[in-house]
Amino acid sequence: MDDLAKTVDACAKLDLKNAALGPEFYYKHLPLCVIDAVFSMGVRYAAVQKVVDRYCDSEILTPYRDTAELPDISAQENISQFAFGMRVKGIPQYTEDVFKNKQRTSTRNGILKGEAVYLFACALEKEGILYLQDAPLAIQTDALRNAIQEIPGQKSGLSLDYFFMLAGSDDFIKADRLVRRFLENALGKPVSVADARILLSEAVDVLVSAYPAMTPRLLDHTIWKYQRQTL
């Protein structure tokens, strides 16, 4: 059995019939996608949810929308407003007072995740990506990917791919350590981020005949939820 067949076999044992995205994929404001994408790297997700909740409490924002339909831009906080608020207060103070989380992007030469969030937002603002409706344009912008990957701790591109997923794209795969561990258990060997993306994308092409709603994003999230329960 080759790697793809093993991957499909492992995925087919999951509850794909009832696969569903979590509430974080229905954020009401684009800045929440940035906060989640940056703070979620290398930590338990409960800590990320607390950061998002603290920000929403601080700005009196409703975090989630009720449907997949995007809210009108008049009902969204935009990236420029978000970045301006951080800039006025100062990144260290904003991180301490609002996010209340001093995690760094890396244990070696890392910066505050709060600073990485600000730099991420500034990169989006520079490319005119301000609202959820603008996110599809960001996918086509090489300049944005280059700018994000220059932020300390963002070189792998995982945060950016996850940002696109949170902002609505079905075509990306986060392939974080939990997802790769699932594949490594199925294949019995190490799996790189690049290989994980290829395998899961190809697995979706096979699984979609039995599960028409299956997408790379949904499969990635279903695996992630399954692995999270085993921790």
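**The largest pocket and its surroundings**

The largest pocket is lined by 23 residues, and those nearest its centre are Ser 40, Val 43, Lys 174, Asp 176 and Trp 224. Two or more lining residues come from each of helix H3 (45–59), helix H9 (158–166), helix H10 (177–187) and helix H12 (216–229); helices (H or I, at least four residues) and strands (E, at least two) are DSSP runs, numbered from the N terminus. H12 provides the largest share of this lining, four residues. The model is predicted: local features need pLDDT of at least 70 and side-chain atom pairs count only at pLDDT 80 or more, while totals for chains, interfaces and linings use all residues. Residues are numbered from 1 along each chain as its sequence is written, and side-chain values use heavy atoms, with hydrogens and water left out.

A pocket here is an open set of points on a 1 Å grid over the protein atoms alone, where a 1.4 Å probe fits and protein lies on both sides within 12 Å along at least five of seven lines; lining residues have an atom within 4 Å of a point. About 370 Å³ of space lies in the largest pocket, a volume being the space filled by probe spheres set on the points, which are joined across faces, edges and corners. By class, its lining has 12 nonpolar, three polar and eight charged residues (Ala, Val, Leu, Ile, Met, Phe, Trp, Tyr, Cys and Pro count as nonpolar, Asp, Glu, Lys and Arg as charged, and the others, Gly among them, as polar). Domain 1 (1–21 + 173–230) and domain 2 (23–167) each give at least three residues to the lining; the domain bounds come from an automatic or database assignment.

Lys 174 also takes part in another contact: its charged end sits over the ring of Tyr 162, 4.0 Å from the ring centre (NZ of Lys or CZ of Arg within 6 Å of the centre and within 35 degrees of the ring normal).

Tyr 94 and Phe 99 form an edge-to-face pair, 5.4 Å centre to centre with 75° between the planes (pairs have centres within 6.5 Å, and planes over 60 degrees apart count as edge-to-face). Both residues are buried, meaning under 20% relative accessible area, whereas exposed means over 50% (1.4 Å probe, protein chains only). Together with Phe 39, Tyr 55 and Phe 82, they form one aromatic cluster.

Lys 100 lies in the loop between helix H5 (91–99) and helix H6 (113–126), and counts as exposed because its relative accessibility is 55%. Its phi is near 50°, a positive value in a residue other than glycine.

Notes. Rings of Phe, Tyr and Trp (its six-membered ring) pair if their centres lie within 6.5 Å; planes under 30 degrees apart count as stacked, over 60 as edge-to-face and the rest as tilted.
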